[in-house]
Amino acid sequence: MLAAMPDLKAWARTLRRDVHALYLAGRDPRVPWYAKAVAALVAAYAASPIDLIPDFIPVLGYLDDVVLLPLGILLAIRLIPPTILAEHRRAAARAQGRPVSAIAAGVIAVIWIAAAALSAWLSWRYFCR
């Protein structure tokens with residue numbers, strides 16, 4: 001079990017780099033619009049604190065992180081031209097040593113909380129009248 005840890009950590013770093021590269025590719029004008037859309041959706045889902053299936057549900061909670069996210073990344077990578085993707089992978093690798101923005105994480109959390117509160121309020125108004 002302990003022998004697999006370095007491989008797992010390397011895979012996680014590669015996955016993190018690829019998600020960042022997809023984010024960068026999503027903003028590149030040379031990338032086709034459909035690849036940008038898939039890359040933006042995958043990067044937003046990966047960065048979001050809210051999952052499709054909540055993590056507290058046994059087994060299924062981590063299924064979306066283990067299956068859906070890598071499949072989305074693979075699809076987005078195949079849609080982006082290889083030379084452009086290699087350029088963004090190098091940029092993402094250089095950026096991995098930089099500090100993480102707590103402000104950005106807070107903004108994402110506030111947006112999700114506001115969306116959940118709005119949904120709850122609209123549901124209450126619709127169903128309780």
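Modeller: In this predicted model, pLDDT is the predictor's confidence in each residue, on a scale from 0 to 100.

Colleague: In which helix is confidence lowest, and in which is it highest?

Modeller: The protein chain as a whole averages a pLDDT of 83, and 95% of the residues score at least 70. Where pLDDT is low, the predicted coordinates should not be read in detail. Confidence is lowest in helix α1, residues 5-26, at a mean of 81, and highest, at 91, in residues 82-95, that is, in helix α4.

Colleague: Which helix gives the most to the lining of the largest pocket, and how many residues does that helix supply?

Modeller: The largest pocket has a volume of about 910 Å³. Of the 28 residues that line this pocket, R16, V19, H20, A47 and V100 are the closest to its centre. At least two lining residues come from each of α1, α2 (33-47), α4 and α5 (102-127). The helix that gives the most is α1, and its contribution is eight residues.

Colleague: How many residues of that lining are nonpolar?

Modeller: The lining of the largest pocket divides into nonpolar, polar and charged residues. Four of the residues are polar and four are charged. The nonpolar residues number 20.

Colleague: Is A76 buried or exposed?

Modeller: A76 lies in helix α3, where the buried residues also include G61, D64, L69, G72, I73 and I77. The C-alpha atom of A76 is 8.0 Å from that of K36, although 40 residues separate the two in sequence. The relative accessible area of A76 is 0%, and the cut-off for burial is under 20%, so A76 is buried.

Colleague: How is Y34 classed by its relative accessibility?

Modeller: Y34 is found in helix α2. Its C-alpha atom is 7.9 Å from that of L79, a residue 45 places away in sequence. The relative accessibility of Y34 is 40%, which lies between the cut-offs of 20% and 50%, so Y34 counts as partly exposed.

Colleague: What is the relative accessible area of Y23?

Modeller: Y23 is found in helix α1. Along the chain, Y23 and A105 are 82 residues apart, and their C-alpha atoms are separated by 15 Å. Y23 is partly exposed, and its relative accessible area is 41%.

Colleague: What distance separates the C-alpha atoms of A95 and H20?

Modeller: A95 lies in helix α4 and is buried, with a relative accessible area of 15%. H20 is among the residues closest to the centre of the largest pocket. A95 and H20 are 75 residues apart along the chain, and the separation of their C-alpha atoms is 8.8 Å.

Definitions and conventions:
Residues are numbered from 1 along each chain as its sequence is written. This is a predicted model: local features need pLDDT of at least 70, side-chain atom pairs count only at pLDDT 80 or more; totals for chains, interfaces and linings use all residues. Side-chain values use heavy atoms; hydrogens and water are left out. Helices (H or I, at least four residues) and strands (E, at least two) are DSSP runs, numbered from the N terminus. On a 1 Å grid over the protein atoms alone, a cavity is a set of points where a 1.4 Å probe fits but cannot get out, and a pocket is an open set with protein on both sides within 12 Å along at least five of seven lines; lining residues have an atom within 4 Å of a point. Grid points are joined across faces, edges and corners, and a volume is the space filled by probe spheres set on the points. Ala, Val, Leu, Ile, Met, Phe, Trp, Tyr, Cys and Pro count as nonpolar, Asp, Glu, Lys and Arg as charged, and the others, Gly among them, as polar. Buried means under 20% relative accessible area, exposed over 50%, partly exposed in between (1.4 Å probe, protein chains only).
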